[in-house]
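Reader: I would like to learn how to read the overall build of a chain. Could you take me through it?

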Amino acid sequence: GSLLDYWNGHCPLTGITDKALLRASHIVPWRSCTSDAERLDVHNGLLLSALWDSAFDQGLVSFDDDGEPMFSPTISDAAKAELRWKDVIPLTEVHRQNLAWHRKNFFIPK
């Protein structure tokens, strides 16, 4: 609920607003958080469409400090094209810190 409010009920990448297609994506996974406060912090979450959430959770995509998607070389050009996105994600400094953790621990880099 708090991520729906924070992200104004839509995926910031795609604009999708259908709740059935949205997922609360933890940047630092629940099991790796050091406290409940970190687990529930809206700056440790992104509201993503189900397809983006799956790619993010598998380390196939991450985001740079400007909120621009970064793609693993294991994703085909055809799959990247199907991940259609419109805008970069507006990030706070806490988002950036958490995404640095994600890139280091989950992202499959080039």
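**Reading the fold**

Author: Gladly. Along the sequence the pattern runs α-β-α-β-α-β-β-α-α, with helices (H or I, at least four residues) and strands (E, at least two) taken as DSSP runs numbered from the N terminus. This is a predicted model, where local features need pLDDT of at least 70 and side-chain atom pairs pLDDT 80 or more, while totals for chains, interfaces and linings use all residues. Residues are numbered from 1 along each chain as its sequence is written, and side-chain values use heavy atoms, without hydrogens and water.

Reader: How many helices and strands does the chain have?

Author: Five helices and four strands.

Reader: Why is the chain said to be as compact as a globular protein of that length?

Author: The radius of gyration is taken over C-alpha atoms, and the globule rule is 2.2 Å times the number of residues to the power 0.38. Here the radius is 13 Å, close to the 13 Å that the rule gives for 110 residues, so the chain is as compact as a globular protein of that length. Its C-alpha atoms fill a box of roughly 40 × 30 × 25 Å along the principal axes.

Reader: What share of the residues is buried?

Author: Buried means under 20% relative accessible area, exposed over 50%, and partly exposed in between, with a 1.4 Å probe and protein chains only. Buried residues make up 37% of the 110 in the chain. Among them are cysteine 11, at 0% relative accessibility, and cysteine 33, at 7%.

Reader: How many disulfides are counted?

Author: A disulfide is a pair of cysteine sulfur atoms within 2.5 Å, and by this rule the count is zero.
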